[in-house]
Amino acid sequence: MSGILCRPGQAWEHLVAVEFHKLSEEAYDRRGRIVSLIFKRVPNQDYQQEITILAVRALTSILSGHYTLMDQAEYAYDEMNDCWIYYNNPLERHRKMCVEEEKVVVAVNHKYWSRPQVDVFKEFLESIAFLYHAPFIHID
(Lines give C-alpha, C1' and ligand atoms only; values in the text may rest on other atoms or scores of the structure.)
Protein backbone atom coordinates (compact mmCIF):
# COMPACT_ATOMS: atom_id res chain seq x y z
CA MET A 1 0.00 0.00 0.00
CA SER A 2 1.33 3.44 -0.83
CA GLY A 3 0.27 6.95 0.06
CA ILE A 4 0.25 9.20 3.07
CA LEU A 5 -0.65 7.88 6.49
CA CYS A 6 -2.21 10.74 8.37
CA ARG A 7 -4.40 10.52 11.47
CA PRO A 8 -5.43 14.03 12.55
CA GLY A 9 -8.27 12.45 14.55
CA GLN A 10 -5.71 11.25 17.09
CA ALA A 11 -5.29 14.82 18.27
CA TRP A 12 -9.00 15.33 18.87
CA GLU A 13 -9.11 12.22 21.08
CA HIS A 14 -7.23 14.26 23.71
CA LEU A 15 -9.41 17.39 23.44
CA VAL A 16 -10.83 18.39 26.82
CA ALA A 17 -12.30 21.86 26.17
CA VAL A 18 -12.77 24.56 23.54
CA GLU A 19 -12.92 28.27 24.33
CA PHE A 20 -14.08 30.67 21.63
CA HIS A 21 -12.92 34.25 21.99
CA LYS A 22 -14.49 37.49 20.85
CA LEU A 23 -12.59 39.07 17.98
CA SER A 24 -11.74 42.73 17.81
CA GLU A 25 -14.18 44.68 15.66
CA GLU A 26 -11.70 47.48 15.02
CA ALA A 27 -9.75 45.85 12.19
CA TYR A 28 -10.31 43.49 9.28
CA ASP A 29 -7.09 41.53 9.90
CA ARG A 30 -5.14 40.40 12.97
CA ARG A 31 -8.24 40.61 15.14
CA GLY A 32 -7.00 38.42 17.99
CA ARG A 33 -7.42 34.88 19.25
CA ILE A 34 -10.27 32.95 17.68
CA VAL A 35 -10.07 29.87 19.86
CA SER A 36 -8.13 28.13 22.62
CA LEU A 37 -8.15 24.36 22.20
CA ILE A 38 -7.30 22.61 25.45
CA PHE A 39 -5.82 19.14 25.18
CA LYS A 40 -4.71 16.57 27.74
CA ARG A 41 -0.92 16.47 27.54
CA VAL A 42 0.55 13.23 26.26
CA PRO A 43 4.08 11.99 27.06
CA ASN A 44 5.42 12.48 23.53
CA GLN A 45 5.17 16.27 23.21
CA ASP A 46 6.93 16.39 19.84
CA TYR A 47 4.32 14.08 18.38
CA GLN A 48 1.46 15.90 20.09
CA GLN A 49 2.64 19.22 18.67
CA GLU A 50 2.82 17.80 15.16
CA ILE A 51 -0.53 15.99 15.27
CA THR A 52 -2.53 18.80 16.92
CA ILE A 53 -1.29 21.40 14.47
CA LEU A 54 -1.99 18.99 11.62
CA ALA A 55 -5.52 18.44 12.96
CA VAL A 56 -6.18 22.19 13.08
CA ARG A 57 -4.68 22.64 9.61
CA ALA A 58 -6.94 19.87 8.29
CA LEU A 59 -9.88 22.09 9.25
CA THR A 60 -8.37 25.38 8.10
CA SER A 61 -7.40 23.91 4.74
CA ILE A 62 -11.10 23.43 3.94
CA LEU A 63 -11.89 27.14 4.36
CA SER A 64 -10.46 28.29 1.04
CA GLY A 65 -9.31 26.77 -2.22
CA HIS A 66 -5.79 28.20 -1.91
CA TYR A 67 -5.14 26.85 1.62
CA THR A 68 -2.97 23.77 1.93
CA LEU A 69 -2.40 20.64 3.95
CA MET A 70 1.14 20.05 2.76
CA ASP A 71 4.10 18.62 4.64
CA GLN A 72 4.66 20.65 7.78
CA ALA A 73 8.41 20.56 7.29
CA GLU A 74 7.91 23.06 4.48
CA TYR A 75 6.16 25.63 6.70
CA ALA A 76 6.61 27.39 10.01
CA TYR A 77 4.30 25.86 12.61
CA ASP A 78 2.73 29.16 13.55
CA GLU A 79 1.72 30.73 10.22
CA MET A 80 -0.45 28.67 7.89
CA ASN A 81 -3.62 29.18 5.88
CA ASP A 82 -4.13 32.87 6.72
CA CYS A 83 -4.20 32.27 10.47
CA TRP A 84 -1.64 31.71 13.21
CA ILE A 85 -1.55 28.38 15.04
CA TYR A 86 0.40 28.32 18.29
CA TYR A 87 1.20 25.15 20.21
CA ASN A 88 1.33 25.33 24.02
CA ASN A 89 0.31 28.98 24.10
CA PRO A 90 -1.86 29.35 27.19
CA LEU A 91 -3.47 32.57 28.31
CA GLU A 92 -2.52 33.72 31.80
CA ARG A 93 -5.68 32.15 33.25
CA HIS A 94 -4.70 28.79 31.68
CA ARG A 95 -1.15 28.61 33.04
CA LYS A 96 -1.93 26.99 36.40
CA MET A 97 -4.23 24.44 34.76
CA CYS A 98 -1.55 23.54 32.21
CA VAL A 99 0.96 22.78 34.94
CA GLU A 100 -1.25 21.18 37.59
CA GLU A 101 -3.61 19.29 35.29
CA GLU A 102 -1.08 18.56 32.52
CA LYS A 103 -2.92 20.33 29.73
CA VAL A 104 -1.69 21.93 26.49
CA VAL A 105 -3.36 24.90 24.82
CA VAL A 106 -3.33 25.27 21.07
CA ALA A 107 -4.33 28.78 20.04
CA VAL A 108 -5.62 29.85 16.65
CA ASN A 109 -5.31 33.56 16.00
CA HIS A 110 -7.02 35.56 13.30
CA LYS A 111 -4.96 36.84 10.41
CA TYR A 112 -6.95 37.37 7.20
CA TRP A 113 -10.12 35.29 7.45
CA SER A 114 -13.49 36.70 6.50
CA ARG A 115 -16.41 36.58 8.92
CA PRO A 116 -17.93 33.52 7.17
CA GLN A 117 -14.60 31.65 7.42
CA VAL A 118 -14.39 32.39 11.15
CA ASP A 119 -17.99 31.27 11.67
CA VAL A 120 -17.53 28.02 9.72
CA PHE A 121 -14.28 27.27 11.57
CA LYS A 122 -16.10 27.70 14.89
CA GLU A 123 -18.89 25.43 13.69
CA PHE A 124 -16.32 22.78 12.73
CA LEU A 125 -14.85 22.98 16.22
CA GLU A 126 -18.24 22.87 17.95
CA SER A 127 -19.00 19.67 16.04
CA ILE A 128 -15.66 18.14 16.97
CA ALA A 129 -16.13 19.13 20.62
CA PHE A 130 -19.55 17.49 20.56
CA LEU A 131 -18.15 14.33 18.97
CA TYR A 132 -15.36 14.01 21.55
CA HIS A 133 -17.50 15.08 24.54
CA ALA A 134 -15.47 18.22 25.19
CA PRO A 135 -17.32 21.25 26.53
CA PHE A 136 -17.14 24.49 24.58
CA ILE A 137 -17.83 28.01 25.70
CA HIS A 138 -17.93 31.44 24.08
CA ILE A 139 -15.95 34.02 26.02
CA ASP A 140 -16.88 37.65 25.43
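## Aromatic pairs

Two rings of Phe, Tyr or Trp, the six-membered ring being used for Trp, are taken as a pair if their centres lie within 6.5 Å. In this predicted model, a search of the whole structure finds three such aromatic pairs. One of them is formed by Trp12 and Phe39, whose ring centres are 5.9 Å apart and whose planes make an angle of 35°, a tilted arrangement. Trp12 belongs to helix α1 (residues 9-12) and Phe39 to strand β2 (residues 33-40), so this pair ties together parts that are 27 residues apart in sequence. Both partners are covered: Trp12 is buried at 5% relative accessibility, and Phe39 is buried with a relative accessible area of 0%.

Another of the pairs joins Trp113 and Phe121 in an edge-to-face arrangement, with 5.0 Å from centre to centre and 65° between the planes. Trp113 counts as buried at 2% relative accessibility, and Phe121 counts as buried at 0%.

## Overall architecture

The protein contains four helices and six strands. Read from the N terminus, the order of these elements is α-β-β-α-β-β-α-β-α-β. The radius of gyration is 15 Å, close to the 14 Å that the globule rule gives for 140 residues, so the protein is as compact as a globular protein of that length. Along the principal axes, the C-alpha atoms fill a box of roughly 50 × 40 × 25 Å.

Of the 140 residues, 45% count as buried. Among contacts with a separation of 6 or more, 65% are between residues 24 or more positions apart.

## Strand β2 and its partners

Seven of the eight residues of β2 are buried, so this strand is largely enclosed by the rest of the structure. Strand β2 runs antiparallel to β1, to which five bridges join it. Within this pairing, Val18 has Leu37 of β2 as its bridge partner.

Strand β2 is also joined to β5, by seven bridges and again in antiparallel fashion. Here Ile38 stands opposite Val105 of β5.

## Nonpolar cores

The largest nonpolar core comprises 32 residues, and those touching the most other members are Trp12, Val35, Leu37, Trp113 and Phe121. At least two residues of this core come from each of α1, β1 (15-21), β2, α2 (45-60), β4 (83-87), β5 (103-110) and α4 (115-131). Helix α2 gives the most, with six residues.

Val35 illustrates the surroundings of one such member. Apart from neighbours within four places in sequence, Val35 is in contact with Val18, Glu19, Phe20, His21, Val106, Ala107, Val108, Phe121 and Leu125. A second, separate core has five residues, including Ile38, Met97, Cys98 and Val105.

The aromatic pairs and the main core share several residues. Trp12, which pairs with Phe39, is among the core members that touch the most others. Trp113 and Phe121, partners in the edge-to-face pair, are likewise in that group. Strand β2 supplies at least two residues to the core, and this strand is bridged to β1 and to β5.

Conventions
Residues numbered from 1 in each chain as written. Predicted model: local features only at pLDDT ≥ 70, side-chain atom pairs only at ≥ 80, totals over all residues. Heavy atoms only, no water. Phe/Tyr/Trp six-rings, centres within 6.5 Å; stacked < 30°, edge-to-face > 60°. Buried < 20%, exposed > 50% of the residue type's maximum accessible area, 1.4 Å probe, protein only. Core = buried A, V, L, I, M, F, W, Y, C linked by side-chain atoms within 4.5 Å. Contact = heavy atoms within 4.5 Å. Rg over C-alpha atoms; globule rule 2.2 N^0.38 Å. Pairing = 2+ DSSP bridges.
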